[in-house]
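Please keep the sequence and the coordinates at hand while reading.

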Amino acid sequence: MRSDNKRLHYVGKRYLSNNCGYCTIVEYINTKKVLIRFDETGYERWTSIVNIKSGEVRDPMQPSVFGVGIFGDTYPSRENGIPVKQYSIWYGILQMSYDEKQKIKISNVGVTVSDEFQHYTKFYDWCERQTGFYRDGWVIDKDLLVKGNKCYSKENSIFLPIEINSALTTNKAKRGNYPIGITKRCSTYNVNITKHNKLIWLGAFNTVEEAFHKYKTEKEKHLKELAELYKDQLDPRAYKALLEYKIEITD
């Protein structure tokens, strides 16, 4: 009888949580087993009366990571105290896109994460299906398949060896006013290219156009060489994109 009285007393009552808005008690078994539903998302979870009254209840379906990321309740962020790889990558792309301190960097301006990838559960499942995800030294890439793409999404993102990912980096923020691969010294334009972590000098030229043509030729050749080197490991889409990749003077 006493339990029934408490059930009648609590069921239907609303409480304000500390960070996740209001929740409503929808079922009461005892003080340690109470089912609540968060008003904003409809998410339900079991908790205790103590937690409810203190506001210490969380809604994993609310965007809690940089204001957009929804962690959910399916997968952990850590295992044995070590960050899960999927979570580290997910957190990283959200931070790059939505952390006020990170998104002002030139390389991050305009970068976003798709609605689907803002859900950790969906991102985790996507990672599990991707070629190269479990390889050491491979990183997520957003703009090989679609050059200039700024959005991390399942359609445009792919995993690449860091050597290939680095070879595709343009470093606009660091290289100054000259086209990619070119520096000016006195009256000539010097051309350098990085291959297998080594900086290689390709020559000095009298005009920017001549210098860029040399860089473009050697860079596209190098990307094709990398495609062949990693062919058996790459997603076929990445292999095709590397073979067809074009270096532009505006890169």
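Angles between elements under 35 degrees count as roughly parallel, over 145 as roughly antiparallel, 65 to 115 as roughly perpendicular and the rest as oblique. The model is a predicted one, in which local features need pLDDT of at least 70 and side-chain atom pairs count only at pLDDT 80 or more, while totals for chains, interfaces and linings use all residues. Residues are numbered from 1 along each chain as its sequence is written, and side-chain values use heavy atoms, with hydrogens and water left out.

Helices α7 and α8 pack at an angle of about 155°, with their axes 8 Å apart (axes are lines fitted to C-alpha atoms, for helices over the stretch in contact, and angles run from 0 to 180 degrees between N-to-C directions). The two are therefore roughly antiparallel to each other. Their crossing is left-handed, a term used if the near helix is turned anticlockwise from the far one by less than a right angle, with right-handed used if clockwise. On the α7 side Leu-223, Lys-224, Ala-227 and Glu-228 meet Tyr-239, Leu-242 and Leu-243 of α8, where contact means heavy atoms within 4.5 Å. These residues divide into five nonpolar, no polar and two charged (Ala, Val, Leu, Ile, Met, Phe, Trp, Tyr, Cys and Pro count as nonpolar, Asp, Glu, Lys and Arg as charged, and the others, Gly among them, as polar).

## Helix α7 and its surroundings

Helix α7 covers residues 208–229, and its 22 residues reach 31 Å from the first C-alpha to the last, close to the 32 Å expected at 1.5 Å a residue (the expected span being 1.5 Å times one less than the number of residues). Helices (H or I, at least four residues) and strands (E, at least two) are DSSP runs, numbered from the N terminus. Among the buried residues of α7 are Phe-212, Tyr-215, Glu-218, His-222 and Leu-226, where buried means under 20% relative accessible area, exposed over 50% and partly exposed in between, with a 1.4 Å probe and protein chains only. The buried residues of this helix pack against α5 (162–167), β13 (182–185), β14 (188–195), β15 (198–205) and α8 (236–244).

Lys-195 lies in strand β14, and at 16% relative accessibility this lysine counts as buried. Not counting residues up to four places away in sequence, Lys-195 touches Ile-200, Glu-218, His-222 and Glu-225.

## Helices α3 and α4

The axes of α3 and α4 (residues 120–128) come within 10 Å and cross at roughly 120°, and the two helices are therefore oblique to each other. The contact is made by Gln-86, Tyr-87, Ile-89, Trp-90 and Ile-93 of α3 and by Tyr-120, Phe-123, Tyr-124, Cys-127 and Glu-128 of α4. By class, this contact has eight nonpolar, one polar and one charged residues.

Met-96 is found in α3 (residues 85–98) and, at 24% relative accessibility, counts as partly exposed. Leaving aside neighbours within four places in sequence, Met-96 is in contact with Gln-102, Lys-103, Asn-108, Val-111 and Tyr-152.

## Positive phi in two loops

Phe-66, although not a glycine, has a positive phi of about 55°; its place is in the loop between β5 (63–65) and β6 (69–70), and at 25% relative accessibility Phe-66 counts as partly exposed. Asn-80, also a residue other than glycine, has a positive phi near 55° and is found in the loop between β7 (78–79) and β8 (82–83). At 81% relative accessibility, Asn-80 counts as exposed.
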